[in-house]
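Please open the model in your viewer and keep the selection panel at hand. The stops below are meant to be followed in order, each with something to select and a description of what is there.

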Amino acid sequence: MSAGVLLEKMHIRKDRTQTEGAVKKRFRKKDLYGATRVIWSICRFLLIFGLGFVILYPLLQILSKVFMPVDQYQDLSVIWIPKSLTMSNIQNALVYTKFWESLANTLILCLSCAAIQIVVCSLTGYGFARFRFPLREPLFLMVILTIIIPTQVIFLPSFVQYRFFDFFGISRLLGLLTGRDYTEFTRSLIDTRWSFWIPSLFGVGLRSGIFIYLFRQCFRNIPKELEEAAKIDGCGSITTYVRIMLPNAKSSILTVFLFSLVWHWNEYTLTRTFFPQKFQPLAVQLKLAIDGMMSDLATRTNLPFQMGVTYASVLLFILPVLIIYIFTQRWFVEGVESSGIKG
Amino acid sequence: MAGRRRKNKMRSREAATGYAFISIWLIGLIFLFLRPLGMAFYYAFQEMSITAEGMIYEFTGLENFIYKFRDDIYFFDSTVWPGLSKFVIEVPICVIFSLFIAIVLNQKFKGRTFARALFFLPVIITSGIAIQVLRSYGLDTSMETENTYLFSSNGVAQILSSAGLPYVIVDIFTQISNRIFDIVWMSGIQIILYLSGLQGIPASEYEAAQIEGATAWECFWKITWVRISPITLVVVVYSLIDSFTNVSNTMIKFVYEEYSLRGNLGGSSALGLSYCLAAFLIILVIYALTSKHVFYANDN
C-alpha cells in the first residue's frame, strides 16, 4: 500500500463525514422549509377561497334568488336555499327583456364589431410598430388620447354627427356644388348598426385605442428577421402582414376578440343613445325592463316581483358571456400572458 | 452619393407604406374623433337653445365654465373633488392588491387554472350595467341606496376601536375593507397585466440570488419589484384612466346627466372638457414621477 492510496482513502473518509454533516443540516432546513410551505399553502387557500367568495358573491346571490318563489324573499327563515323552486322569474324576465330578439341584436353587434376591430386595429398597430414615418410619435400620442378621453365628453357632438352623417364632408361638397342645402345629402345613422360599424371601421370605435396599442406591442415583439426573410422572398408589405405577422399574432387576436366582445356586450351609454327604437341590445333592454316595471302601475309597488325579474334578467344577461368565457378562458389567459400587454 | 439617394428613396417608401397602413385610422381620427372634440370645444363657449328653426348658438365666453361653481357652492366639494381624488385611495390599493394576487397566482399549486379563471372573471362582467342594476337593488332583500357598500365591516371597526386603536388607523382600515368588493372587482385587468409581467422575469435571476443567500424578501425587492416596474407604470396609468373615466365617477355622471336630464349642452361640454384636462394633467404628473423609477432590462 503506497502512501498515495492511503492519502486517497483518508480523503474519501473525510469527504464522507463532511457530506453526512451537510445532509443532516440540509435535512433540518428542509423540514423547516416544508413546515412553512404547508402553512403558506393553507394561507394561500384561505386567501383565494375568501376572495373567490367575494367575486362569486353576486353570482351566488343571483342563483339563489332566481329560482326562489318571490314570496320567500322576505321570509326570514330562508337565507340561501329556497324552500321550493320556480321558473316564473326566468319566464317573466324572458318576456320583459324580449330576450331572444335582443340576444340576436347583441350577438350581431358584438361579433361584427369585434371582427371589424381586429382587422382595422391590427393594420394600424402594424403600421405603428414596423414603419418609420414623420409624425409617428405625435400620432401615436393621439391613439393614447382616444383612450383617455371618455366617450361621455365627445359623444354629444358625435350623436349630432351620426344623426346628420355627411360621409366625411362629401355631402357638404355636393351641397356646395348643387347649391342645395347639404342636409339633403346626409343620412341618419341613428337606429342603424352603422352607428357602431362606422367608428369601428375607422379605428375609433369602442376602446379601439387600447386594441391598437395591444397589437403594436405584439408586433414589436415579433423578430424582425422573419419579415426580412419574407422580403427577400419577394413578399410585398401586405403579403408579409397577412402571411407572416397575423399568424404570429394569433393569441393577441384572440385576446382582442374576447375583450371587444365583452366590452361591446356590456356597453350601455352608447347603445342607449344610438338605438333609441330599433336593434336594442340586451344591456339596453335590461335597463328598459327595470324602468318599465318601476313605472307600470301593476308592478310598481310589488318590490319582490321586481327583484325576481331583475335577478333573472341579470342572469340571462351575463350567462352567454359567462359560457363563452368558461370555454375560452384557457386561451384567454395564455393569450394575454404569452404575447400580451407589455410595457 | 447614389447610396444615400437610394437610402432616402427607401426611407420615403417606408414612410408611404406606414401611412398607408394607418390611413384608415387617420381618417377616422380626424373625422370621427378630432371633429367631435373640436365641436365639443365650440359648444363649450356657446349658449345653445333648440327652437323651431333648429339650434341657436350664442357666444357666452367663459360662462359655461363658471356657472356651476357660482350657482352651487357645494358643487366642487360634492362632485368635482370626489371625481378627481377618487384615485388617491383606489389606485395604490389596487396596484398593491393586484401585484400580490398576481404573485400568488404565479406560484404552482393545485387548482391554479381554476383560481386564475376566477380572478379574471370580473373582467367579463365589471363596469357593466349588470353590477349597476344589482347595486341599485342592494343585492339583498332590503332596498338600499346605490352608495351602500356590498360588504361593510362596521362590526370589525367597533372591535378595533374598542381595542384602543387610534381613530385614524381604524378609519383607514374600514375604508379599505369596505371597498374590498370594489377593489377585487376592479383589479381583473391589472392582475392579468402583472401576471404576464411576472412570467417575463428569467428564473435564472432568482436562482443566482438564492445561491448568494438572498431571502425571499430581498428577492422580491431586488428582482421582482425592479423587473416588474415597467408593468407597474402601465398598471398605474391604466388604473388612473379607469378611475377617471368610469361610469360611476361623480364627474362623468354629472357630465352625462347635465345634458341628458337638464339639456344643458354647453355646460356639459365645458365642464367635461375641463375635467378631462385636469385628469390628463394628473395622469401626466404621476406618469412623470413614476417613470423615473422604471427599470428597463434591454433598453431598446
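## Starting with chain B

Select chain B, in which buried residues make up 43% of the 300 residues, and bear in mind throughout that this is a predicted model. If you then display the contacts of chain B between residues at least 6 apart in sequence, 66% of them join residues at least 24 apart.

## A buried glutamine

Stay in chain B and select helix α9 (residues 188–199), where Q190(B) is found. Is Q190(B) buried or exposed? Its relative accessibility is 1%, and because the limit for buried is under 20%, Q190(B) counts as buried. To see what surrounds Q190(B), leave aside its neighbours within four places in sequence and show C94(B), S98(B), V235(B), Y238(B) and S239(B), with which Q190(B) is in contact.

## Where the two chains meet

Now select both chains and look at the contact between them, which takes 93 residues from chain A and 81 residues from chain B. Chain A and chain B bury about 8,300 Å² between them, with carbon and sulfur atoms accounting for 78% of that area. As for polar pairings, the count between chain A and chain B is six residue pairs in polar contact. On the side of chain A that touches chain B, select helix α15 (residues 303–338) of chain A, from which the largest share, 17 residues, comes. Taken by class, this side of chain A has 66 nonpolar, 17 polar and ten charged residues.

Which residues form the one salt bridge that the rule finds across the interface of chain A and chain B? Select R132(A) and E14(B), whose closest N and O atoms are 3.9 Å apart.

## Salt bridges in chain A

A search of the whole structure finds five salt bridges over all chains, and another of them can be displayed by selecting R130(A) and E227(A), whose side chains meet at 2.3 Å, N to O. R130(A) lies in helix α3 (residues 99–130) of chain A and E227(A) in helix α9 (residues 224–232) of chain A, so this pair ties together parts that are 97 residues apart in sequence. Both partners are buried, R130(A) at 10% relative accessibility and E227(A) with a relative accessible area of 13%.

Returning briefly to the pair that joins the two chains, R132(A) lies in the loop between α3 and α4 (136–148) of chain A, whereas E14(B) belongs to helix α1 (residues 2–44) of chain B. Then select E137(A) and R136(A), whose side chains meet in a salt bridge at 3.3 Å, N to O; here E137(A), at 48% relative accessibility, counts as partly exposed.

## The two domains of chain A

For the last stop, colour chain A by its division into domain 1 (3–66) and domain 2 (88–338). The contact between these domains takes five residues from domain 1 of chain A and seven residues from domain 2 of chain A, and the area buried between the two is about 590 Å², of which carbon and sulfur atoms give 83%. In domain 1 of chain A, select I62(A), K65(A) and V66(A), which lose the most area to domain 2 of chain A and together make up 76% of what that side buries. The residues on this side of domain 1 divide into four nonpolar, no polar and one charged. Across the interface of the two domains of chain A the rule finds zero salt bridges, although one residue pair is in polar contact.

How values were computed: Residues are numbered from 1 along each chain as its sequence is written. Chains are lettered from A and ligands numbered from 1 in the order in which they are written. This is a predicted model: local features need pLDDT of at least 70, side-chain atom pairs count only at pLDDT 80 or more; totals for chains, interfaces and linings use all residues. Side-chain values use heavy atoms; hydrogens and water are left out. Helices (H or I, at least four residues) and strands (E, at least two) are DSSP runs, numbered from the N terminus. Buried means under 20% relative accessible area, exposed over 50%, partly exposed in between (1.4 Å probe, protein chains only). Contact means heavy atoms within 4.5 Å. Domain bounds come from an automatic or database domain assignment. Buried area is the accessible area (1.4 Å probe) that two parts lose on being put together, summed over both. A salt bridge is a side-chain nitrogen of Lys or Arg within 4 Å of a carboxyl oxygen of Asp or Glu. A polar contact is a pair of N or O atoms within 3.5 Å; within protein, one must be able to donate a hydrogen and the other to accept it, and residues adjacent in sequence count only if both atoms are side-chain atoms. Ala, Val, Leu, Ile, Met, Phe, Trp, Tyr, Cys and Pro count as nonpolar, Asp, Glu, Lys and Arg as charged, and the others, Gly among them, as polar.
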